[in-house]
Amino acid sequence: MSTIDLGMPVHGTEGVPTLAEGSAPQTKKEFTSDQEVRWCPGCGDYAILAAVQGFLPELGLKRENIVFVSGIGCSSRFPYYLDTYGLHSIHGRAPAIATGLATSRSDLSVFVVTGDGDALSIGGNHLIHALRRNVNLTILLFNNEIYGLTKGQYSPTSHVGAVTKSTPFGSVDNPFNPVSLALGAEATFVARTMDSDRKHLTGILRAATAHRGTSFVEIYQNCPIFNDGFFAVLKDSTQAEARILHLTHGEEITAGDRVVVRRDNGSLAVVSRGAADPARVVRHDAHADDPSTAFALSRLDDPSLTHVPMGIFRSVERPTYDDLVRGQIDTAVAQSGGEATDDDLSALLAGKDSWTVGA
């Protein structure tokens with residue numbers, strides 16, 4: 001795939017303590033815990049874990065100021081395998097817990113690791129609100145289009161007709177497109193990558209962590225037990241060249257000899273270069289304030305994987321929820337003349353909005 005161009009200031013970890021000047025560079029080993037990694041042989045999670053462990057030293061942050069929060073699922077074992085702070089939380093609630101951490105502790109770099117079932121089923125509500133609020137989080141969604149930990153039920157991203165343990169005659173549900181969902185919630189950073197492309201995955205991780213606000217990264221991830229080879233056509237070099245649409249800010253969006261164009265009605269289509277009107281060829285603008293074109297790009301993808309956009313769909317600046325909340329608190333403290341006291345708490349409890357219950 002193409003390289004990742006940030007094209008914007010790097011300040012996603014601003015305020016998080018860094019290593020002392022002159023300290024020896026950190027290594028992957030320092031971010032690797034002593035826990036036995038327990039995923040099935042061939043699981044795509046191994047590749048993602050190796051990429052994250054190899055990427056974290058680049059941040060130059062103290063390990064005690066990095067937190068990984070997960071929900072429930074195969075991907076949610078992640079915190080055990082990293083030598084940082086971590087929390088294996090409850091099903092679907094990782095974004096809510098991470099929101100509390102990011103808001104109360106500006107000195108933390110907070111990651112959420114989740115799966116397509118954890119994030120988009122029971123956790124769907126928490127996910128969209130974290131995205132719309134623009135909390136300073138990096139959310140990694142591993143999408144294998146199946147429930148792996150609970151042994152092969154269909155998930156919110158399983159394609160129509162998918163035969164699984166819970167849909168023996170084929171799924172009739174219309175699946176979520178995670179990127180479309182994130183863009184619809186007006187997330188400020190949205191990207192897609194793949195477990196087996198280490199270079200592209202690491203580049204996306206760098207860009208996501210550099211972004212201040214909610215960074216949402218969908219990672220296509222293979223489940224060798226219950227949905228093996230679903231993304232195989234994107235991993236075969238010959239097939240991938242014709243299928244993967246490369247998203248690079250400022251450049252035309254291409255896959256082999258095909259290019260993305262804008263139709264008369266404003267929608268997007270993929271046509272051969274020879275049939276394309278040069279005036280209609282789309283150049284990718286990841287920093288456009290209006291997410292409409294990014295959303296249209298996300299709709300080019302479908303379960304056939306004929307045209308799959310990969311890269312950064314959107315990266316824009318907007319005030320973050322946690323910065324705004326801390327600003328309100330600082331203003332309130334300044335107006336009160338200093339820190340809150342026990343008298344302030346007593347006055348609050350005995351204020352006009354209190355009442356007495358009893359005979």
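Predicted model: local features only at pLDDT ≥ 70, side-chain atom pairs only at ≥ 80, totals over all residues.
1. Helix H1 covers residues 45-55 and helix H6 covers residues 198-210. Their axes come within 10 Å and cross at roughly 50°. H1 and H6 are therefore oblique to each other. The crossing, in which H1 passes H6, is right-handed.

2. On the H1 side, the contact with H6 is made by Ala47, Ile48, Ala50, Ala51, Val52, Gly54 and Phe55. H6 contributes Arg198, Leu201, Thr202, Leu205, Arg206 and Thr209. By class, the residues of this contact of H1 with H6 are eight nonpolar, three polar and two charged.

3. Helix H2 (residues 94-104) packs with helix H4 (residues 124-133). The angle is about 35°, and the axes are 7 Å apart. Pro95, Ala96 and Thr99 of H2 make the contact with His126, Leu127 and Ala130 of H4. Four of the residues in the contact of H2 with H4 are nonpolar and two are polar, with no charged residue.

4. H2 also packs with helix H10, which spans residues 321-336. Here the angle is about 50° and the axes lie 8 Å apart. That makes H2 oblique to H10. The crossing of H2 and H10 is right-handed.

5. Which residues of H2 meet H10? They are Thr99, Ala102 and Thr103, and they meet Tyr321, Asp322, Val325 and Arg326 in H10. The contact of H2 with H10 divides into three nonpolar, two polar and two charged residues.

6. The largest pocket has a volume of about 310 Å³. It is lined by 20 residues, and the closest to its centre are Pro175, Phe176, Asn177, Asp302 and Pro303.

7. Which elements supply at least two residues each to the lining of the largest pocket? They are helix H5 (178-184) and strand E6 (215-220). H5 gives the most to this lining, with three residues.

8. As to the classes of residue, the lining of the largest pocket has eight nonpolar, six polar and six charged residues.

Conventions:
Residues numbered from 1 in each chain as written. Heavy atoms only, no water. 1 Å grid on protein atoms, 1.4 Å probe; cavity = no way out; pocket = protein on both sides within 12 Å on 5 of 7 lines; lining within 4 Å. Points joined across faces, edges and corners; volume = space filled by probe spheres on them. Helix = DSSP H or I, 4+ residues; strand = E, 2+ residues; numbered from the N terminus. Nonpolar A, V, L, I, M, F, W, Y, C, P; charged D, E, K, R; others polar. Axes fitted to C-alpha atoms, helices over the stretch in contact; angles between N-to-C directions. Parallel < 35°, antiparallel > 145°, perpendicular 65-115°, else oblique. Left-handed = near helix turned anticlockwise from the far one by under 90°. Contact = heavy atoms within 4.5 Å.
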